[in-house]
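Here is a quick tour of one protein model, written for someone who likes cut-offs spelled out. Have a look at the sequence and the fold first, then read on.

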Amino acid sequence: MSRRYPQAIAWLFVLSGFVCFCLLSAGIGWAAYWFVFESPVPLSANITVSRGSVRLQTPNDQIIVNNAHRIDMQTGITVDDESQSILTFVDTKSGDTVAALTLMAGSHITVRSAERPRFNVSRGGYTIALADYAGQLTVNSTPGTRAFQMSVGTQAGTAQLTAAGRYTLSTDH
């Protein structure tokens, strides 16, 4: 075939090169858009024990804290019956507190994720996902001008907080 129709083989190479170029250009454009406008970075999560002690359950370890401590994602927090603590989520770029949760005595919650957009040009917002909640907590959210969404999962359902404000959540144990 190559001896009879050399132009056909040349056109096949040209067209396949053009298709590869188009796919590569579109893929690079999409990846650049995602990186600049949609890619997240984690918020900093810290717990401050106001009274008593708190048990932190990470995927690999369990520790008891009675002062300030950094919280990693996927960490379960259990406040004993005579304690109280404050869980804060801080924007790592600006240093502003996005939300502060006061966990009352006997409460339990798991921090699943806490993210913000990578760059300030993004219109995306702060996203905080909490699960396995039981007890009583007060949420004070102050996201500034950026959009905000916090989901708090319980056995009965999920509470969605989407605006700045002060909220009180309570469940039966």
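## A buried arginine and its partner

Arg 116 counts as buried, at 2% relative accessibility; buried means under 20% relative accessible area, exposed over 50%, and partly exposed in between (1.4 Å probe, protein chains only). Before going further, some ground rules: this is a predicted model, where local features need pLDDT of at least 70 and side-chain atom pairs count only at pLDDT 80 or more, while totals for chains, interfaces and linings use all residues. Residues are numbered from 1 along each chain as its sequence is written, and side-chain values use heavy atoms, with hydrogens and water left out.

So what does the side chain of Arg 116 meet in a salt bridge? The partner is Asp 91, at 2.7 Å from N to O. The two sit in distant parts of the chain, 25 residues apart, with Asp 91 in the loop between β7 and β8 and Arg 116 in strand β9. Helices (H or I, at least four residues) and strands (E, at least two) are DSSP runs, numbered from the N terminus. Asp 91 is also buried, with a relative accessible area of 2%.

The count of salt bridges comes to 2, a salt bridge being a side-chain nitrogen of Lys or Arg within 4 Å of a carboxyl oxygen of Asp or Glu. The other pairing is between Asp 132 and Arg 112, at 3.1 Å from N to O. That pair also links distant parts of the chain: Asp 132 belongs to strand β10 and Arg 112 to strand β9, 20 residues apart.

| Salt bridge | N to O distance |
|---|---|
| Asp 91 and Arg 116 | 2.7 Å |
| Asp 132 and Arg 112 | 3.1 Å |

Leaving aside neighbours within four places in sequence, Ser 39 is in contact (heavy atoms within 4.5 Å) with Trp 34, Arg 116, Pro 117 and Arg 118. A polar atom of the Ser 39 side chain also lies 2.6 Å from the backbone oxygen of Phe 35.

Another serine to look at is Ser 151, in strand β12 (residues 148–153). Ser 151 is buried too, with a relative accessible area of 16%. With neighbours within four places in sequence set aside, its contacts are Ile 128, Ala 129, Leu 130, Thr 158, Ala 159 and Gln 160.

## Strand β8 and its pairings

Why is strand β8 (residues 97–103) described as largely enclosed by the rest of the structure? Because 6 of its 7 residues are buried. Strand β7 (residues 84–90) runs antiparallel to β8, and 6 bridges join them; two strands pair if DSSP finds at least two bridges between them. Across this pairing, Thr 88 stands opposite Ala 100 in β8. β7 and β8 form a hairpin with 6 residues between them, and Gly 95 in the turn has a positive phi of about 85°.

β8 also pairs in the antiparallel sense with strand β11 (residues 136–141), over 5 bridges. In that pairing Leu 103 stands opposite Leu 137 in β11.

## Positive phi away from glycine

Most residues other than glycine have a negative phi. Gln 74 is not a glycine, yet its phi is positive, about 70°. Gln 74 is in the loop between β5 (68–71) and β6 (75–79) and is partly exposed at 37% relative accessibility. Asp 132, from the salt bridge with Arg 112, also has a positive phi, near 55°.

## Out on the surface, and along the chain

Val 121 is in the loop between β9 (108–117) and β10 (126–134) and counts as exposed, at 56% relative accessibility.

Cys 22 is in helix α1 and is partly exposed, with a relative accessible area of 32%.

Terms used:
A polar contact is a pair of N or O atoms within 3.5 Å; within protein, one must be able to donate a hydrogen and the other to accept it, and residues adjacent in sequence count only if both atoms are side-chain atoms.
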